[in-house]
Amino acid sequence: MTTTGTGQDAAGPAVLVQDLSITFPTMDGDVHAVDGLSFEVAPGGALGIVGESGSGKSATSLALMGLHRGTRARITGGLEVVGTDMVSASDARIRQMRGNDIAMVFQDPMSSLHPQYTIGNQLIEAYRTHRPKSTRAEAKARAVEALDRVGIPEPTRRVNSYPHEFSGGMRQRVVIAMALMCDPKVLLADEPTTALDVTVQAQILDLLDDLRTELGMALILVSHDLAVVAGSVDEVLVMQKGKAVERGEVRKVLAEPEHPYTQALLAAVPRVEVSRAQRRAQVRADRAAGEGRDAAPAGRTGATALPEADGSWNPDTDPLLSVDNVRMRFKVRGGMMGKSTDFYAVDGVSFDLHKGETLGVVGESGSGKSTLSRMVMRLLEPTEGKVLFEGRDITHISERKLRPLRRDVQMVFQNPYSSLNPRLTIGDSIGTALRVQGESDGKLIKRRVQELLERVGLEPLHYNRFPHAFSGGQRQRIAIARALILRPKLVICDEPVSALDVSTQDQVLRLLSELQDDFDLTYIFVAHDLAVVRQVSDRVAVMKKGRVVELSDSDSVYEAPQDEYTRSLLNAAPVLDPDEAREHRAERVRLRAGKGEAA
Amino acid sequence: MELRKSALGLAALGVSSALLLSACGGGGSDGGGSAGSYDQGTTEVVNASEESGGTLRYAISANMESTDPGNTYYGYVWNFSRYYARTLLTYSPEPGAKSTEPVPDMAAEMPDISDDGTSYTVKLRDGLTYEDGSAVTSEDIKYAVARSNFGEDALPNGPRYFKELLADSDDYEGVNANPSDPLAGFDGIETPDDKTIVFHLKKPFADFPYVLVQPQTAPVPADSDKGQQYQQHVVSSGPYKFEDDWKPGSGLTLVRNEEWNADSDPIRPALPDRITVEEGVDQNEIDQRLINGELDVDLGGTGLGPAKKGEILTDEAAKANVDNPETGALRYVAVNTEVEPLDDEACRQAVMYAADHNSLQRAWGGAAGGEIPNDVIPPTIKGHDPDLDLYPSEDDKGDLDKAEAKLEECGEDGGFETNLGVRSDRPTEVAAAEALQASLKRVGIEVDIKQYPSDSFTNTQAGSPDFVHENELGLNVYGWIPDWPTGYGFLSYIVHGDNIKDAGNSNVSELDDEQINDMLDQAVETGDEQEQERLYKEVDRRVMEAGAILPIVFEKSVLYRPENLTNVYFSAGYAMYDYMPLGTTNQ
Amino acid sequence: MVTYLLRRLGAGVLLLAIVTLVTFLIFYVVPRMAGQTVQQLATMYVGKAPTEEAIQATIDRLNLDQPIALQFWEFIKGIFVGATYTFGGREVVCSAPCFGYSFQNYTEVFPEIVNRLPVTFSMAIGAGVIWLVGGVSVGVVSAIKKGSIFDRLSMGLALAGVSLPVFFTGLLSLAFLVHAWGLFDTPRYTPFFQDPIAWATGLFLPWVTLAFLHAAQYARQTRAGMLETMGEDYIRTARAKGLAEWKVILKHGLRPTLTPIVTIFGLDIGLVLGGAVLTETVFSLNGIGRYAVQAIISQDLPVILGVTLFGAFFVVVCNLIVDLLYAWVDPRVRVSG
Amino acid sequence: MSAPSDAPEKQVEDSGAAAGQKTSAAANRSLRQIAWQRFRRDKVAMAGAIVVLLLIAMAVLAPLLTKLLGFPPNEFHQSLMDPLTGGALKDPDDPAAGIDPWGGMSAEHLLGLEPVTGRDMFSRIVYGAQISLLVAFGATVLCVIIGTVLGIVAGYFGGVTDTIISRAMDIFLAFPLLLFAIALAGVIPDGAFGLEGNALRVGLLIFIIGFFNWPYIGRIVRGQTLTLKEREFVEAARSLGAGSGHILFRELLPNLITPILVYSTLLIPTNIIFEASLSFLGVGINPPTPSWGGMLSDSLDFYTTSPHFVIIPGLAIFITVLAFNLFGDGLRDAFDPRSSD
């Protein structure tokens with residue numbers, strides 16, 4: 001399978017980047033997206049590029065494909081792919097390279113396939129662009145082969161399907177198949193799993209790893225998540241603000257990071273092996289150290305206390321919240337005859353929640369965890385079952401009667417960019433709660449809002465600012481303040497940190513933990529990230545397709561999972577230790593071999 | 001005839017074109033090759049020729065009102081329908097003043113009038129046939145009169161003179177009342193034999209021959225009558241017949257009627273082989289095509305639109321192909337005699353004094369659009385008094401001092417307010433309204449212009465006294481062209497008190513002056529022409545004194561004669577070119 | 001797919017029914033509410049001799065004094081089973097679909113409309129092709145050459161285009177191109193099958209006038225859509241495959257851009273088919289629009305009603321076609337509907 | 001209705017460094033300030049805005065302007081006109097010199113004279129702006145009120161309410177609008193609804209245009225509301241106990257003001273053209289009050305001798321509509337979060 005006429009030196013590096021700088025002119029002056037970056041990847045080698053938003057990693061990968069052309073980006077430095085200088089090569093040459101010598105897999109599989117053409121059409125096009133002499137039938141055979149290779153079941157039939165007929169994971173496989181059509185020397189994967197669920201992510205990473213070893217392609221894996229690259233690459237490059245701060249063999253960088261940024265990044269990554277107790281202890285210690293005194297209320301100072309002994313919640317008392325066999329039905333229109341079918345987003349979930357407790361709810365997309373939280377919040381009215389709050393049945397009470405109850409149950413939403421009204425000042429956003437609940441004294445409202453702003457780590461002066469003036473982390477603090485202004489008893493956190501960078505994530509989690517101590521809060525913590533859930537939860541419920549498959553205290557769920565699904569989840573979770581990651585991978589391969597592929 | 005003014009600018013939009021058909025005014029045409037001279041066609045035959053053959057091409061900017069001779073009030077249809085519908089009498093086929101004289105068409109000679117003046121006997125010529133070869137009978141003419149005049153379902157668009165004038169017919173309910181014998185009870189007309197028809201009048205009516213000129217006397221075989229749908233295919237009695245059924249708006253083609261007997265017809269040389277009518281052509285387009293020789297006659301007969309008129313009149317060479325005859329129409333503002341404060345004669349006279357006639361004439365297109373009148377009866381009609389000048393002013397700009405004095409006299413010192421009704425889709429009339437508004441403002445008379453669609457203006461707004469009173473329409477821009485060119489034909493509908501009607505009233509001034517009414521009645525009963533002229537002059541003066549009619553212009557049209565048109569002359573009877581003798585050099 | 005179509009069809013029929021009702025109400029009820037009496041209404045249609053008996057006869061003939069609901073029912077019935085009218089004592093059968101007889105000149109409304117359809121169709125087809133092809137291609141080139149002189153010029157022209165009322169451009173072209181300078185003949189309609197060349201040359205000016213306005217709009221819309229589409233991830237994917245740029249643009253970029261354009265095109269064509277009122281009046285073309293204007297001026301209610309319904313009918317039909325096209329252009333619609 | 005997605009929105013913001021850095025640079029400016037900055041840089045849009053302001057000033061100050069620069073709009077100057085063709089004379093003292101091809105433009109009569117009457121075109125154009133803008137603004141306000149209320153209600157409540165309102169919008173869009181408007185304007189008699197003369201005409205024009213054009217705003221508002229209501233701040237407000245009224249008008253409406261503002265700016269020129277079309281077709285304002293469409297329809301009679309009479313009112317419409325379009329386009333671009341510069 002040698003490609004013709006590219007004339008590259010087989011001994012040279014597949015990708016060679018030397019002192020690369022990328023600059024975008026903007027109305028506020030030039031922005032240096034990438035600044036003096038150098039690295040190389042050997043044929044068949046694998047490099048991970050890791051960095052947070054704005055680190056320049058995506059600009060780099062686009063430049064590698066020559067996709068910066070036609071934009072206003074200015075590029076200096078050396079950028080060679082299989083011996084061709086991507087900066088100076090002609091457009092025609094670049095087009096010849098793309099897909100043929102270097103192929104790319106993008107972040108969002110939902111939007112990277114053309115919705116109006118069959119995947120076969122798109123795959124064939126990729127092939128025939130570079131093999132103009134091939135017949136359509138040949139190209140189609142090749143497409144089926146590639147689909148088969150990436151694990152699409154029934155490729156002969158599915159080749160005629162449209163992208164919308166595939167799930168996200170499957171689409172990403174199709175994108176990978178497209179990248180494979182011409183046997184490229186380099187495969188560039190830019191955040192290929194960020195939009196996917198954890199089990200699917202594992203499958204895609206496994207696939208990429210497989211392909212690399214089997215086909216001998218060089219792999220460049222770009223991600224914001226160190227854990228994602230850990231198990232898949234030989235070498236890792238950490239970027240911050242356009243510069244490489246650290247580069248080295250993956251084990252070494254992860255084990256003994258040299259640069260403070262890498263250290264901080266590693267420290268912030270939530271680790272699934274860290275238990276609730278350890279985490280809590282650390283948070284409290286840090287807090288005490290930070291404030292120079294013991295800020296926690298009396299009786300809660302046991303820094304090393306086990307959760308059960310914490311005394312903050314007691315399973316024997318009456319539960320604060322009791323959810324009894326709730327179901328939520330949606331009508332789904334569609335199907336061939338346009339009939340609507342019933343679909344249970346939540347199907348027979350029951351649990352009790354006690355005062356001071358944190359219940360983690362973990363599951364992949366579509367598991368019903370958000371629907372569940374909205375039912376508890378009574379933003380949705382359950383189709384069946386009961387929700388009791390402080391012993392009172394709130395399942396079907398009217399919006400009006402619900403209003404006083406709103407004081408007691410509040411919610412922190414996932415996306416701080418959409419959960420704050422962009423046209424209201426944050427003071428108004430937070431104060432609305434008081435106003436809606438009947439408070440009319442403007443001065444009082446303002447004072448209370450400002451106190452709370454200070455408490456969540458913002459300036460009281462921020463009262464009159466609009467949300468866009470704040471970063472994601474700050475916005476989430478504002479959202480938390482809004483949830484707390486009514487002094488609720490129960491706070492439902494729906495993926496509160498999933499939209500944030502890791503370092504910000506850590507700060508917000510700490511804040512939530514502190515607030516729980518200070519305000520005596522009970523949490524339902526909904527998330528897809530296993531590690532995050534473990535660190536904050538006393539008990540964990542694992543959901544799958546609307547049902548709770550496992551509900552137990554968090555340590556037992558994580559250390560001795562009972563349900564197979566829980567195990568596969570844990571197994572799929574990316575880990576920072578490259579060796580452990582490889583073990584997990586081997587384990588997954590075994591599991592799959594046992595029951596066949598499914599995505 | 002109904003008076004319509006072409007609304008040219010908007011004709012382009014089709015808006016006003018629907019409304020602009022004119023009963024008076026002439027289509028342009030001119031002798032072939034040899035160009036005539038300016039205004040030659042008003043008094044002489046231009047480009048005389050006996051050459052037959054070719055296609056004579058007509059176009060009109062709206063749709064034809066109807067092709068049914070029994071169901072039309074427009075002069076151009078009266079003129080045109082003679083191609084396929086012969087009448088008992090018709091206007092003399094010659095240029096100048098003589099064209100207003102009735103002459104026999106189907107009649108063998110002029111009617112025989114009984115001594116008491118109440119019965120008219122007409123003998124038909126020999127050889128009158130329909131397009132299927134069957135003979136025209138006197139009963140068919142009686143039927144035609146019956147269907148168009150009598151009964152509640154009489155054809156709606158034509159005049160009703162026979163109903164008014166015929167004796168012994170008041171109980172007759174029309175041709176549909178008794179299907180087995182449609183004419184039962186219609187005793188006003190006698191048909192002693194197939195060739196004789198006798199009209200019995202209630203009282204003497206000297207102008208009756210003019211009524212016999214009207215197309216309602218064209219014969220209709222009873223078994224071909226389809227009511228209003230008869231217009232689809234009129235059974236021809238003339239030299240041409242319909243090639244296909246006519247649908248409004250889709251044009252009409254006439255071909256030779258082989259059954260027509262030329263010997264029986266002194267009126268129609270029938271030169272062209274085919275005659276075509278295009279409907280709904282933009283006025284500017286018609287004008288342009290006339291000038292280019294791509295069209296022969298503007299069927300509407302109102303003359304060039306303002307845009308082309310300006311161009312042609314300033315082009316000395318082109319002007320040779322233009323005629324500028326008086327149409328016999330009076331454009332005027334009806335000053336209502338009932339609406340306060342105009343119910344006071346002095347107030348009306350104040351309006352008469354204050355009006356700026358120069359400005360009004362400009363609104364009508366200056367001297368080419370019409371002469372400034374000092375009386376009501378147009379110069380072409382006996383009774384016109386060139387010496388009358390009751391409201392003199394310098395340069396016709398109005399006498400403001402006198403106007404103010406008159407205002408004081410009627411107790412409206414400093415002016416008053418009133419409304420002025422006008423047809424919204426006739427730009428010239430709107431322009432005149434604005435001009436009047438501006439000139440009355442000079443003496444403090446504040447006029448509010450109210451616009452109405454011309455289709456309903458005569459029936460429901462200006463023509464409805466209730467509406468006029470309710471909306472205080474003290475002034476209405478109106479116009480009149482007589483159904484026949486005599487003093488009675490001109491005056492009776494607009495100033496005779498007996499003609500005030502609840503709807504469709506054309507005596508918009510609501511002038512009901514006993515003296516005037518009596519004089520008009522006398523004039524039409526006497527056969528003495530000098531006495532008639534004296535009476536008409538008297539009425540003319542009296543109307544002006546009463547200030548009931550503020551004349552704007554004696555209208556003139558600007559007609560274009562294409563060079564390939566032969567035998568062109570202006571017929572004062574139809575107020576447009578006489579269509580019957582026209583021929584074309586166009587093949 | 002079939003259900004989807006049936007549903008759209010049902011919605012279209014319902015829409016037509018409502019449009020019919022509303023139109024009927026507006027023309028038959030609103031004037032009454034504004035104070036018009038049955039007599040006044042009849043007086044408009046009675047002809048030149050509005051005597052009391054004649055007015056009463058007109059009221060009887062046109063059934064104007066019947067309850068509105070009954071008149072509406074008769075109207076609807078006429079459309080489906082035809083109706084019989086009495087004119088001048090003669091019974092006339094108006095076969096289905098009967099939209100009644102003109103109050104003013106006693107012609108059957110439906111054939112009148114059908115007669116004028118070829119003119120309006122010709123207008124719509126010619127102008128539609130010009131503006132779609134012209135607008136879209138200019139839009140595409142502008143989007144690709146964003147910021148270039150071509151882009152600036154054509155977008156400037158497009159903006160001017162959407163700012164020019166069609167009656168102004170029409171008047172200008174008539175007054176100057178046709179009458180003053182004689183560069184063109186006066187537009188006129190020749191049936192296509194009679195002489196295709198005369199058909200095209202005769203309608204050229206109205207086409208361009210009408211198309212100019214729309215082309216400008218389409219160029220702007222295409223450009224905006226194209227710019228948006230070209231920013232999509234799948235375009236990046238297509239480029240990453242190494243596709244030639246023209247192929248990226250035409251195959252991957254244009255198709256999604258066209259999808260919303262097709263919708264607008266359907267609506268616009270529907271509206272033009274219902275009568276390009278201004279263009280037809282300015283150029284004196286005897287299409288449905290001009291017929292409507294004439295009917296409005298003469299207050300000819302059955303004609304107004306018929307033309308309005310026809311207009312709405314075309315809009316609905318064109319929307320239906322658009323829905324079909326949509327399903328063809330965008331596979332996602334086929335399932336979800 | 002489909003099940004709400006549980007999918008976490010995991011889009012990591014890494015669309016390049018530019019985005020990230022700009023956010024922080026812009027952090028201290030409000031959206032409106034940013035928009036204003038962008039707008040100010042857009043020279044074409046600024047020009048549009050200035051022309052719009054001038055036009056409004058012109059309309060408002062019409063009496064003053066005509067006093068200073070012209071003549072009363074209804075004052076005749078027939079001594080300056082050729083009685084035969086209606087055109088303006090080259091030399092009023094010497095009628096034989098012929099017609100001025102420029103329509104009598106002079107220092108006194110800036111835009112020349114109306115044929116036949118000799119009324120001052122400048123004054124008539126200036127007063128015509130009053131009617132045009134009054135009707136266009138009035139109709140736009142009506143569109144915005146109806147469109148916003150119905151759009152927001154349809155978008156927010158969904159279900160049957162949405163179906164009914166959306167269908168209603170379809171119906172309005174299916175009507176042959178212009179036909180309907182002229183027909184309706186034609187059947188309403190003077191004195192209807194207690195209004196008379198021009199008050200009725202203006203009211204009627206505003207009502208007709210506003211009533212038939214609201215779906216354009218309605219659709220946009222509905223679409224925006226549909227998007228907005230999926231935003232979590234709506235759920236957040238509900239979870240704080242806010243009722244529908246509060247959510248609709250306190251939470252959603254402020255977010256809709258920008259698109260409404262932008263689209264009503266773009267609706268104004270449409271309405272101006274609509275008004276001009278109606279006047280052109282003869283169902284506009286009563287004479288002698290000038291209107292641009294009416295002047296244009298009068299002008300065709302004089303295009304051979306007074307071409308300025310065709311061109312000037314047409315240009316007035318064109319310039320006004322263009323200015324509003326430029327202004328609206330600029331406004332839209334300035335507020336568009338996607339526009340990068």
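Analyst: D105(B) is in the loop of chain B that runs between β3 (102-104) and β4 (112-113). Helices (H or I, at least four residues) and strands (E, at least two) are DSSP runs, numbered from the N terminus. The model is predicted, so local features need pLDDT of at least 70 and side-chain atom pairs count only at pLDDT 80 or more, while totals for chains, interfaces and linings use all residues. Residues are numbered from 1 along each chain as its sequence is written, and chains are lettered from A and ligands numbered from 1 in the order in which they are written.

User: Is D105(B) buried or exposed?

Analyst: D105(B) counts as buried because 27 other C-beta atoms lie within 10 Å. The cut-offs are 20 or more other C-beta atoms within 10 Å of its own for buried, 12 or fewer for exposed, and partly exposed in between, with C-beta atoms placed from the backbone.

User: What does D105(B) touch, leaving out residues up to four places away in sequence?

Analyst: D105(B) touches R86(B), T87(B), L88(B), L89(B), T90(B) and I267(B). Contact here means that the C-beta atoms of two residues, placed from the backbone, lie within 7 Å.

User: How far apart are D105(B) and R256(B)?

Analyst: They are 19 Å apart in space, C-alpha to C-alpha, and 151 residues apart in sequence.

User: And where is D273(B)?

Analyst: D273(B) sits in the loop between β9 (252-256) and β10 (274-278) of chain B. With 16 other C-beta atoms within 10 Å, D273(B) is partly exposed. Apart from neighbours within four places in sequence, D273(B) is in contact with G53(B), G54(B), T55(B) and R256(B). For G53(B), the separation from D273(B) is 220 residues in sequence but 4.8 Å in space, C-alpha to C-alpha.

User: Which peptide bond in chain B is cis?

Analyst: The bond that joins E340(B) and P341(B) is cis, with omega about -5°. P341(B) is in the loop between β13 (326-335) and α10 (345-354) of chain B.

User: Switching to chain A. What is phi at R487(A)?

Analyst: R487(A) has a positive phi of about 50°, although it is not a glycine. R487(A) is in the loop between α17 (472-484) and β17 (490-494) of chain A. It counts as partly exposed, because 13 C-beta neighbours lie inside 10 Å.

User: And K545(A), what is phi there?

Analyst: Phi of K545(A) is near 45°, again a positive value in a residue other than glycine. The loop that holds K545(A) runs between β19 (539-544) and β20 (547-553) of chain A. K545(A) is partly exposed, with 15 other C-beta atoms within 10 Å.

User: Which chains share the most contacts?

Analyst: Chains A and D do, out of 5 pairs of chains in contact. Chain A and chain B do not touch, and their nearest C-alpha atoms are 46 Å apart.

User: How many residues make the contact of chain C with chain B?

Analyst: Chain C gives 33 residues and chain B gives 38 residues. On the side of chain C, the elements that give two or more residues are α3 (38-45), α4 (52-62), β2 (90-94), α12 (277-282) and α13 (288-297). That side has 13 nonpolar, 16 polar and 4 charged residues. Ala, Val, Leu, Ile, Met, Phe, Trp, Tyr, Cys and Pro count as nonpolar, Asp, Glu, Lys and Arg as charged, and the others, Gly among them, as polar.

User: What is the make-up of chain C overall?

Analyst: Its secondary structure comes to 15 helices and 2 strands. The C-alpha trace of chain C spans about 85 × 55 × 40 Å along its principal axes. Of the 337 residues in chain C, 51% are buried.

User: Last one, helix α3 of chain D. What length should it span?

Analyst: At 1.5 Å a residue, the 18 residues of α3(D) (residues 43-60) should span 26 Å, and the end C-alpha atoms are 25 Å apart, which agrees. The expected span is 1.5 Å times one less than the number of residues.

User: Which residues of α3(D) are buried?

Analyst: A45(D), G48(D), A49(D), V52(D) and A59(D) are buried. Seen down the axis of α3(D), the buried residues fall within an arc of 100° (taken over the directions from the helix axis to the C-beta atoms), so they line one face of the helix. K43(D) and L53(D), on the other side of α3(D), are exposed.
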